[in-house]
Amino acid sequence: MKKILSKTGTSTVCVILLIAIITTIACWDELGSWVRTGNYDNTDHMVATIMAKSATPGVAIVVSEQGKTKYMNYGYADVNNKKRVTEESLFELGSTTKAFTALGVILLKNEGYLSLSDSITDYIPSFEPTIKGEKANITIHQLLAHTSGIPPWSIRLIPEGTTDDMLEKTIHNVSDIALDTYPGAAYNYATVNYDILAMIIEKVTGKRYQDYVTENILVPLGMTDSYFSTGQEKEADKLTKGYRVIFGRSLEYDAPRYYGNIAAGYLVTNSKDLERWINAQMGIGDIPDNLLKAIEQSHQADIKMAGYEDENQYYSFGWSMDTKNRVISHNGSNPNYSSQVLIDLENQQAIFVMANLNSTAPSLIANNIYENPNGNRMNKFIFDDVYLLIDLVFSFLVILAVIILCVQAIKLVRGIKLNIKDEKSRFRKMTGSSIVLILSIILLVLVIIWPYLLDNNYLMIKVWMSYSVLIWMGLTSINCILSIIINIKKIGIIRSSL
């Protein structure tokens, strides 16, 4: 028994048990919410269940059915100060902003300032992307439909910053990009497409993008609380705090600002203003004729030009369009906010959901609210949210890394002792230590470079993903270095025993 439970072994077991106990206590509520089924018998229970499972602090919902509006608010706009979400609470929309940008382009088209078939270089001469080494010609319509061929990873080329030249810098960074496909050949969602549209709006109007959209869309619709977040404005009292997930908990997160991406994701608004927006999509309310005409045009997908997403599902003008059922929708996500809009044009039903955490919660909530009145059962939350899954997996890996770190630290403190009985055992230990040494070096290199292998970089991980990823990378790098040190020492001991 003494041979089995050596001092090192006993210490290791104690460390593992201690970490397991501390982790269980710290994450008891989160672990419980993952395991519990939850309740989906009505809307309130459904929303509460999804919020708990996704660690979402606050959700605001506006529903319009044939002009009759209902607000539903859940959770906190500010957890620390126990400030509840209301219909006046402001959220960043993320990519549901794109429909506003597309509408601005349509207004300019209707006024004769541009044509959707125009080449981007007509307005931005320095924009010269390539395909297989040759210059490519992208049209405005292809930007609107995400069929430009610009790769999705181009989002990482958007520079962080809040100065007035950030939009120009964004366009400069993608001006000579190599396209994934020929323009018009395939649908490939890339948020930068709409930043280029913002620059075209500025070139045509001589105004800042946000000023043009505010004057021609937000103000005419009465969306007086809404504004574009450039990072230069003072924080509004009604702006909800943004959050991100780490170890299954939501943590307040002041995300970096990307002024160069406001046209694709940085409209700030609330449920009261969104009531006017979704009703306008259904032709309800006092809407100027030119704006109503443009809105109606934005719902019409030219199948030959639109991006093909799935059967009867096309992308155009900032909307994902179900052409069979006449339903338009879009989701949105920023590093610390998310949203989902779903509008049934045929039945005059619209739902807009906003959350102050980046997750799939708004999409699932919106779809459940839409489907439930139609007699369908509500869909339960499943862990298919990429950011939640990343946090879950890497939180577990962090615990393993801490255990391994403790074990290796104990080995180094107690000293490395090898029992070499004969030449056979010497060869076996030398071979084993050499293999572990090589694998540790390889793993260390992979840990350092893996973001780039997946078309990512450290900044994207820092901004968008759970901190557990960076913590794991740090701990694993330390473990690899310790393993390298331990095995070099082992090899030295083996050689000295010759």
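Mentor: One term first: a residue counts as buried when its relative accessible area is under 20%. This is a predicted model.

Trainee: Fine. Which residues of α3 are buried, then?

Mentor: M46, V47, T49, I50, M51, K53 and S54.

Trainee: How far apart are the end C-alpha atoms of α3?

Mentor: They are 16 Å apart. Helix α3 covers residues 43-54, so twelve residues at 1.5 Å each should span 16 Å, and the model agrees.

Trainee: What sits at the start of α3?

Mentor: N42 does: one of its side-chain oxygens comes to within 3.1 Å of the backbone nitrogen of D44.

Trainee: And just after α3? What is the phi of A55?

Mentor: Positive, about 60°.

Trainee: Switching to confidence. What is the mean pLDDT of the protein chain?

Mentor: It is 88, with 89% of the residues at 70 or more.

Trainee: Where is confidence lowest, and where is it highest?

Mentor: Lowest in helix α2, residues 28-35, where the mean is 50. Highest in α4, at 98.

Trainee: Where does pLDDT stay under 50?

Mentor: Over residues 1-8. For that stretch the model has four contacts beyond four places in sequence.

Trainee: On to rings. How many aromatic pairs are there?

Mentor: Ten. One of them joins F100 and W277. That pair is stacked, at 3.7 Å centre to centre and 20° between the planes.

Trainee: Which helices hold F100 and W277?

Mentor: F100 is in α4, residues 98-110, and W277 is in α10, residues 271-281. The pair therefore ties together parts that lie 177 residues apart in sequence.

Trainee: Are F100 and W277 buried or exposed?

Mentor: Both are buried.

Trainee: What about Y187 and Y315? How are those rings arranged?

Mentor: They form a tilted pair, with centres 5.9 Å apart and planes at 35°. Y187 lies in the loop between α6 (166-174) and α7 (192-205), and Y315 lies in strand β12 (residues 313-316), so this pair ties together parts 128 residues apart in sequence.

Trainee: What are the relative accessible areas of Y187 and Y315?

Mentor: Y187 has 25%, so it is partly exposed. Y315 has 1%, so it is buried.

Trainee: Which residues make up the cluster around that pair?

Mentor: Ring pairs link Y187, Y189 and Y315.

Trainee: Which charged ends sit over rings?

Mentor: R244 has its charged end over the ring of Y467, 4.0 Å from the centre. K98 has its charged end over the ring of Y194, 6.0 Å from the centre.

Trainee: Back to α10. How many of its residues are buried?

Mentor: Eight of the eleven, so α10 is largely enclosed by the rest of the structure. Among them are D273, L274, W277 and I278.

Trainee: Which residue caps the N-terminal end of α10?

Mentor: N270, through a side-chain oxygen 3.3 Å from the backbone nitrogen of K272. After α10 comes G283, with a positive phi near 75°.

Trainee: Last one, N479. Where is it?

Mentor: In helix α16, residues 467-496.

Trainee: Is N479 buried or exposed?

Mentor: Its relative accessible area is 7%, so N479 is buried.

Trainee: Leaving aside neighbours within four places in sequence, what is N479 in contact with?

Mentor: A401, I404, L405 and Q408.

Methods. Residues are numbered from 1 along each chain as its sequence is written. This is a predicted model: local features need pLDDT of at least 70, side-chain atom pairs count only at pLDDT 80 or more; totals for chains, interfaces and linings use all residues. Side-chain values use heavy atoms; hydrogens and water are left out. Rings of Phe, Tyr and Trp (its six-membered ring) pair if their centres lie within 6.5 Å; planes under 30 degrees apart count as stacked, over 60 as edge-to-face and the rest as tilted. Helices (H or I, at least four residues) and strands (E, at least two) are DSSP runs, numbered from the N terminus. Buried means under 20% relative accessible area, exposed over 50%, partly exposed in between (1.4 Å probe, protein chains only). A charge sits over a ring if NZ of Lys or CZ of Arg is within 6 Å of the ring centre and within 35 degrees of the ring normal. pLDDT is the predictor's confidence in each residue, from 0 to 100. Contact means heavy atoms within 4.5 Å. A polar contact is a pair of N or O atoms within 3.5 Å; within protein, one must be able to donate a hydrogen and the other to accept it, and residues adjacent in sequence count only if both atoms are side-chain atoms. The expected span of a helix is 1.5 Å times one less than its number of residues.
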